Amino acid sequence: MKDNANSIYDQTGKTRNMTVIGLVTAVICIAAPFSIPIPVSPVPLSLTNFMIFLAVYILGMKSASVCVILYLILGAAGLPVFSSFSGGLAKLAGPTGGYLAGFILLALLQGFFLEHFPEKKYAAVPGMILGMAVCYTFGTTWLAWQTGQSFTASLSLGVLPYLPGDAVKIIAAAIAGPKLRAAVKKQRR
């Protein structure tokens, strides 16, 4: 009888986790398309990385990474979930596709820091910074290859204009994220 009770609890926990993954993925898909085009860059200003920061706080490394992968799959399937309400394989294969794929690495790195240093309130901050650096490197390399520009030229187009905004997003996530994480943990009890 005890094994059956544990089995039911495990199923409830799995169902709850899948539901939260679905909801967080939906929130990313709703927020990510809202973007501001930057005239000097093919990369628009969006809230996607901020939403991923929060997803990692809420779900942890593995489940948040699943959310990002689902987001990319939905966008690749043609749903208008990418910046400026775009979608499709052409968007992933286009100049900004490297940044989109780099979001998976962002979630993994931020989650790694958050999960390996749980006693540190701001442990995810180095993970967010490192994750964005890797995402930027991957995206800039892809942008340079797509446009035929040098890495440096692509860096000044696809990264430098966004650093101040990304710093604000990291600070906001570092403030809001632990509160969201605590609220979600409290609900799971």
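**Exercise 1. Find how many salt bridges the whole structure has, and say which side chains meet.**

*Solution.* Start with the search of the whole structure: one salt bridge turns up (a side-chain nitrogen of Lys or Arg within 4 Å of a carboxyl oxygen of Asp or Glu). Next, name the partners: the side chains of Lys169 and Asp166 meet, with 3.4 Å from N to O. Finally, locate them: both Lys169 and Asp166 belong to helix H8 (residues 163–188), three residues apart, about one turn of the helix. Helices here are DSSP runs of H or I with at least four residues, strands are runs of E with at least two, and both are numbered from the N terminus.

A word on the model: it is predicted, local features need pLDDT of at least 70, side-chain atom pairs count only at pLDDT 80 or more, and totals for chains, interfaces and linings use all residues. Residues are numbered from 1 along each chain as its sequence is written, and side-chain values use heavy atoms, with hydrogens and water left out.

**Exercise 2. Describe how H5 packs with H6.**

*Solution.* Two packed helices are described by the angle between their axes and the distance between the axes. Helix H5 (residues 97–116) and helix H6 (residues 124–147) make an angle of about 160°, and their axes are 7 Å apart. Axes are lines fitted to C-alpha atoms, for helices over the stretch in contact, and angles run from 0 to 180 degrees between N-to-C directions. H5 and H6 are therefore roughly antiparallel (under 35 degrees is roughly parallel, over 145 roughly antiparallel, 65 to 115 roughly perpendicular, and the rest oblique). Now sort the contact residues by class: 19 are nonpolar, eight polar and none charged. Here Ala, Val, Leu, Ile, Met, Phe, Trp, Tyr, Cys and Pro count as nonpolar, Asp, Glu, Lys and Arg as charged, and the others, Gly among them, as polar.

**Exercise 3. Work out how H2 and H6 are oriented, and which residues make the contact.**

*Solution.* First, the geometry: helix H2 (residues 48–59) packs with H6 at about 140°, with the axes 12 Å apart. H2 and H6 are therefore oblique to each other. Then list the contact (heavy atoms within 4.5 Å): Asn49, Phe53 and Tyr57 come from H2, while Ala124, Met128 and Met132 come from H6. By class, the contact of H2 with H6 has five nonpolar residues, one polar and no charged.

**Exercise 4. Classify the pair H3 and H5.**

*Solution.* The axes of helix H3 (residues 61–76) and H5 come within 8 Å and cross at roughly 170°. That makes H3 roughly antiparallel to H5. Their contact holds 13 nonpolar, two polar and two charged residues. Among the residues that meet are Lys62 in H3 and Glu115 in H5.
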